[in-house]
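The following paragraphs lead through a helix contact and then through the aromatic rings. Please keep the model in view while reading.

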Amino acid sequence: MKLSKIAALAAVPLMAMSLHVQAKTMRIGIGVPESHFEFAAMQKFEKYVEDNTDISVTIYPSNQLGNDQEALEQIKFNAVQMNLPSPAVLGNIVKDFNILTLPFIFPNDDVANQVVDGEWGQELSSKLEKAGYVGLGYGNFGFRHVTNNVRPIKTIADMDGLKLRTMQNKAHLDAFRSLGANPTPMAFSELFSSLQQGVVDGQENPYTNIYSQRLYEVQKYVSDTGHVYSWVVFVVGKKFYDGLTADEQATMQQAARVAIDHMRVSVKAQDEKSLQGMIDAGLVYTPLSPEVKAEMHEKVAPVVQKYADRINPDLYKKLTEEVTKLQ
């Protein structure tokens with residue numbers, strides 16, 4: 001049975017208590033606010049760990065422990081024990097994670113989930129250990145889609161000349177250029193006003209981000225381009241993880257599974273709710289046909305291959321083979 005903090009204080013000398021707290025306390029830094037489904041998922045993680053171990057878990061939302069890069073640095077010294085960075089952030093530490101940022105590599109959620117849950121995802125996660133981390137799984141943020149103020153996007157030709165705000169990602173920039181758009185990297189904090197003032201015509205984000213940040217208020221059209229799938233990776237420090245018992249490690253893995261399952265259900269439900277909210281607010285929604293999506297995929301394929309070759313061609317080949325098999 002888990003001791004209360006008061007009982008623990010009374011039960012052990014001060015020095016032993018300090019060591020106990022260090023070994024049995026888990027600080028988790030995440031970037032999202034408490035209103036986000038990722039935070040709710042991590043509350044389930046917290047409850048599962050605390051119900052099944054003597055580990056005390058505290059979640060720090062909204063980058064209270066620093067941004068993902070800063071939190072990952074603190075994890076090296078066991079000052080923070082867990083973080084949920086994007087693959088792009090992890091790509092600065094283990095470049096192979098950049099594969100997950102490439103456009104049009106997953107046709108749908110189910111295939112994406114099976115790939116990261118299977119041998120391919122485990123192989124990628126294992127690469128974290130040399131850097132001092134352990135990967136517990138992949139949490140879903142969903143597909144990214146394009147909105148704009150110029151025209152409905154029904155075909156590749158409709159992308160022509162659109163000035164779209166994107167992340168600072170070279171593969172994304174080249175991919176949009178290959179589709180005829182004019183991509184412009186820009187800080188997210190500047191996006192709303194830039195759309196409002198016409199500095200850019202449009203942008204790309206998951207539906208939940210578009211809706212929660214009220215970007216639909218300064219946009220007219222949305223299409224389900226689904227060009228990139230967004231993830232977060234459940235990362236704990238290897239020093240912390242290696243200090244756990246085998247039972248505690250197993251509990252940690254299962255707690256991550258509980259949180260990931262919650263995220264997968266939530267992201268689908270939240271995307272549907274967000275898209276409907278935008279439609280109700282007057283945004284014109286244009287679903288793309290499978291043929292148009294396939295054409296986009298084919299158009300972008302040389303760009304994807306170019307960057308995959310720079311990252312890890314063998315690992316990318318394994319991914320494409322797995323996707324083909326699952327389809």
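Helices (H or I, at least four residues) are DSSP runs numbered from the N terminus, and their axes are lines fitted to C-alpha atoms over the stretch in contact, with angles from 0 to 180 degrees between N-to-C directions. This is a predicted model, in which local features need pLDDT of at least 70 and side-chain atom pairs count only at pLDDT 80 or more, while totals for chains, interfaces and linings use all residues. Residues are numbered from 1 along each chain as its sequence is written, and side-chain values use heavy atoms, with hydrogens and water left out.

Helix α3 (residues 37–52) and helix α12 (residues 246–280) have axes that come within 8 Å and cross at roughly 155 degrees. Helix α3 is therefore roughly antiparallel to α12 (angles over 145 degrees). The contact (heavy atoms within 4.5 Å) involves residues including F37, F45 and Y48 of α3 and M252, H262 and V267 of α12.

The structure also holds 6 aromatic pairs, where rings of Phe, Tyr and Trp (its six-membered ring) pair if their centres lie within 6.5 Å, and planes under 30 degrees apart count as stacked, over 60 as edge-to-face and the rest as tilted. Y211 and Y216 are stacked, at 5.2 Å centre to centre and 20 degrees between the planes. Y229 and W231 form a tilted pair, with 4.7 Å between centres and 55 degrees between planes. Y229 is buried at 4% relative accessible area (buried means under 20%, exposed over 50%, partly exposed in between, with a 1.4 Å probe and protein chains only), and W231 is buried at 3%. Ring pairs link Y229 and W231 with F106, Y138 and F143 into a cluster.

Key. Helix = DSSP H or I, 4+ residues; strand = E, 2+ residues; numbered from the N terminus. Parallel < 35°, antiparallel > 145°, perpendicular 65-115°, else oblique.
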